[in-house]
Amino acid sequence: MNALRVFTSATCSTIGLTQTKVEVEDSRNKWSDATELLSKWGCNDDDLVRIFLRCPSLRNADPAQVQSKLCLLTDLGLCASELVRIVNCRPRFFRSQINRCLEERITHLTSLFETKEVLQKAIVRNPSLLLSEGRYNIKATVEIYEKLGVKKGDLVQMLLLRPMFISRTSFDAEKLEYLSKIGLTKDSKMYKYVVTLIGISRVETIRDKLANFARFGFSEDEIFGLVGRSPNVLTLSTDKVQRNMTFILGTMKLDPKVVLKQPYLLYANVDTVLKPRVLLVLKMQDMDSKLQMMGTTMVRSLRMPEQRFLRLFVKCHQEDVANELMEFYKRTKEVKRLGESSKKYSKRGFPF
């Protein structure tokens, strides 16, 4: 109750969010530093450790500046656990400018998300929603998607799914052409996913990924059809697609067009799913030449949860055979790619 009393003020309400300072008697004497202020607001020791680990400079921050942000979070109904997630997502939150046009921005966000609970969830997932307008223009971005036929409810869902798409969205003639070639109607369940993914992706990135699929013999219509059925293929890196396709063609000996009907083959991890399971099936066929499981049965097994896969393909055998197969499966799964530990990753940044 003390924390509520300390942070309650007539100037700190949803009606007057432009004035974010809390009027507390002798506040300078109450809070010697940000640590004490956060503690009185409701953060426990574990919360403070996680917050300062993500934002060490906050220890030396001006308590008055920290206080204004905490007051705003209180008005929005957020507490210490949400603050930890906010700082983890945006470490510079307490140093960001949010006061300008804040009341108007909160009003627009409230209208967009409709319920307080959804607004809170959106802010925790993306604290940048509270930032001053500029490159982060919420209203303008929402209007773009509405003109493209994305319904308000779907737009809110996408905001929660891909929190940063407000600041990353851009459309030009080439992107709009891609949308038309995919050919989804605005009422399609996948339309909102396709539109937002194309909106946040760089044109150069989209070109590279489409060209990567073309190298494996897919026609333009087949590629856009795949994107329409499984939009998340646009989030896969070219290296990921090449590695999975190479395994599908080289080891599984399947036609490349199989991924058009079974796109999950592109998402599965080669080292922990595809390779161990396929090699296990090949070993079983070596042990019994009558077994032929590299077709539909094998493809279907790759979608199974691991325990079900082991129950149907390993534990169903006699104990000595099952133990041998399980040992082989574990050993194959633990083998790391050559040079994986010393591989240098080049970060190309968002998006995808």
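Residues are numbered from 1 along each chain as its sequence is written, and side-chain values use heavy atoms, with hydrogens and water left out. In this predicted model, local features need pLDDT of at least 70 and side-chain atom pairs count only at pLDDT 80 or more, while totals for chains, interfaces and linings use all residues.

User: How many helices and strands are in the chain?
Analyst: Helices (H or I, at least four residues) and strands (E, at least two) are DSSP runs, numbered from the N terminus. The chain has 22 helices and 0 strands.

User: What share of the residues of the chain counts as buried?
Analyst: Buried means under 20% relative accessible area, exposed over 50%, partly exposed in between (1.4 Å probe, protein chains only). The chain has 352 residues. The buried share is 44%.

User: Why do the buried residues of α3 lie on the same side?
Analyst: Helix α3 spans residues 34-41, and its buried residues are A34, L37, L38 and W41. The arc is that of the directions from the helix axis to the C-beta atoms. These residues share a side of α3 because they cover an arc of only 95°.

User: Which residue has a side-chain oxygen that reaches the backbone nitrogen of T35?
Analyst: A polar contact is a pair of N or O atoms within 3.5 Å; within protein, one must be able to donate a hydrogen and the other to accept it, and residues adjacent in sequence count only if both atoms are side-chain atoms. Here the oxygen comes to within 3.2 Å, at the start of α3. The residue is D33.

User: What kind of aromatic pair do F93 and F94 form?
Analyst: Rings of Phe, Tyr and Trp (its six-membered ring) pair if their centres lie within 6.5 Å; planes under 30 degrees apart count as stacked, over 60 as edge-to-face and the rest as tilted. The count comes to 7 aromatic pairs. For F93 and F94, the centres are 5.4 Å apart, with 80° between the planes. The pair is edge-to-face.

User: Is F171 buried or partly exposed?
Analyst: Y145, F165 and F171 form one aromatic cluster. Y145 is buried, at 0% relative accessible area. F171 has 23% relative accessibility and counts as partly exposed.

User: Which residue lies over the face of F309?
Analyst: A charge sits over a ring if NZ of Lys or CZ of Arg is within 6 Å of the ring centre and within 35 degrees of the ring normal. K283 does this over F328, 5.2 Å from its centre. Over F309, at 4.6 Å from the ring centre, lies R277.

User: Which backbone oxygen does the side chain of K192 reach?
Analyst: K192 lies in helix α13 (residues 191-200). K192 is buried, with a relative accessible area of 11%, and touches V150, D154, Q157 and M158, leaving out residues up to four places away in sequence. At 3.2 Å, its side chain reaches the backbone oxygen of K189.

Notes: Contact = heavy atoms within 4.5 Å.
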